[in-house]
Amino acid sequence: AVIFGLAGLEIEAHETQGWPKSLRAEEVKLACKYASFELNGFPSWFPQLFEMHPEIVCEFLLGEVRYELSIEKPETAVHYIISVLSYSGQWAWDRIGPCIFDILNESEPENLSSLENLLKMLQGSSLSDEQIAGLALQKYHTLTHQDHVACWFAVWTGVAPGEAITAFKTHIGTLPDAEEQTHFAMVFLTHLLGGRFGHGSSVRHAFKAPEHLKSLYLLMHDYIRSDEDIHRAGKGAYSPGLRDNAQDARESLLNLLIQIPGKESFS
């Protein structure tokens, strides 16, 4: 029944010019429910439905976001509306960004993947750097789960690098041993720059200035030490893990620095 419904909506959207205009509120809500069952992203007609009925569609999406957060587990991602919104719902980010901000301000997601996806939308929205920095600072003072703290430090570094890097140095020094410090630094850096070769990062780019890149590069070498790097060359196929991504990201900091022209980059 769902497949037939989605097929019917797809046909109507293609054959009827401006079809969402004539829909009643109840029909818009029903169409939203169908859209949430699409297996790969959202249906092609969903952005048009959002454009015509933004309040109803946003109310539906945020209701599903809150529902997903209410049933998630720390160790298992739900892979429902939050992940779909983060990867194929860019057209809605500006509208829902303030509401995502409120949701994160109220409570912290239990699952790190959910947090990452919500932060991708938050940082891609029209919210100001100051708003995001204030929320990251609040999270730094209130959270205890260190992987989440590291993630928020990356967000903070993207919008207010001077303050964030100073606080990072203080915080990492309070961790009980070298192993935890290295893990914290690796989680932070991979969130800041993404996976291998810089893919996947959603943080803003205020840290991409010579003074901040140099500070980060030296700091990361203190905790992600090059003499402990994993060397994979000539050892066959593999799936990169956190260490692989972190040591690549560490060297990416230097690559970003040398691409910036001027005396400050080379001094």
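Why does Arg-243 count as buried? Arg-243 counts as buried because its relative accessibility is 13%, where buried means under 20% relative accessible area, exposed means over 50%, and partly exposed lies in between (1.4 Å probe, protein chains only). The structure is a predicted model, in which local features need pLDDT of at least 70 and side-chain atom pairs count only at pLDDT 80 or more, while totals for chains, interfaces and linings use all residues. Residues are numbered from 1 along each chain as its sequence is written, and side-chain values use heavy atoms, with hydrogens and water left out.

The protein chain as a whole comes first. Its secondary structure consists of 14 helices and 0 strands, with helices (H or I, at least four residues) and strands (E, at least two) taken as DSSP runs and numbered from the N terminus. The C-alpha atoms of the protein chain fill a box of roughly 65 × 45 × 40 Å along the principal axes. Of the 267 residues of the protein chain, 46% count as buried. The accessible surface of the protein chain is about 13700 Å², and carbon and sulfur atoms account for 54% of this area; accessible areas come from the Shrake-Rupley method with a 1.4 Å probe, and for residues only the protein chains shown count as cover. A contact means heavy atoms within 4.5 Å. Among contacts in the protein chain between residues at least 6 apart in sequence, 69% join residues at least 24 apart.

The nonpolar interior is the next topic. In soluble globular proteins, nonpolar side chains tend to be buried together. A nonpolar core is defined here as a set of buried Ala, Val, Leu, Ile, Met, Phe, Trp, Tyr and Cys residues joined through side-chain atoms within 4.5 Å. The largest nonpolar core has 81 residues, of which Trp-45, Leu-49 and Phe-188 touch the most other members. Helix 9 gives the most to this core, with 9 residues. Not counting residues up to four places away in sequence, Leu-49 touches Trp-19, Pro-20, Leu-23, Val-28, Ala-31, Cys-32 and Val-57.

Helix 8 (residues 129-142) has 14 residues and reaches 20 Å from its first C-alpha to its last, close to the 20 Å expected at 1.5 Å a residue; the expected span is 1.5 Å times one less than the number of residues. The buried residues of helix 8 are Ile-132, Ala-133, Leu-135, Ala-136, Lys-139 and Tyr-140. These residues lie on the same side of helix 8 because they cover an arc of only 165 degrees around the axis, the arc being that of the directions from the helix axis to the C-beta atoms. On the other side of helix 8, Glu-130, His-141 and Thr-142 are exposed. The buried residues of helix 8 pack against helix 6 (90-106), helix 7 (112-124), helix 9 (146-159) and helix 10 (161-173).

Helix 12 (residues 210-223) also has 14 residues, and the distance from its first C-alpha to its last is 20 Å, close to the 20 Å expected. Its buried residues include Leu-213, Leu-216, Tyr-217, Leu-219 and Met-220. The buried residues of helix 12 pack against helix 9, helix 10, helix 11 (178-193), helix 13 and helix 14 (263-266).

Charged pairs complete the picture. Side chains of opposite charge can pair when their charged atoms come close. With a salt bridge defined as a side-chain nitrogen of Lys or Arg within 4 Å of a carboxyl oxygen of Asp or Glu, the count comes to 8 salt bridges. One of them joins Glu-106 to Arg-66, with the closest N and O atoms 3.2 Å apart. Glu-106 lies in helix 6 and Arg-66 in helix 4 (residues 54-71), so the pair ties together parts that are 40 residues apart in sequence. Glu-106 is exposed, with a relative accessible area of 57%, whereas Arg-66 is partly exposed at 41%.

Arg-243, which lies in helix 13 (residues 242-258), forms a salt bridge with Asp-229, the closest N and O atoms being 2.6 Å apart. Asp-229 lies in the loop between helix 12 and helix 13, so this pair ties together parts that are 14 residues apart in sequence. Asp-229 also forms a salt bridge with Arg-250, again with closest N and O atoms 2.6 Å apart. Both Asp-229 and Arg-250 are buried. Asp-229, Arg-243, Arg-250 and Glu-251 are linked in a network of salt bridges.
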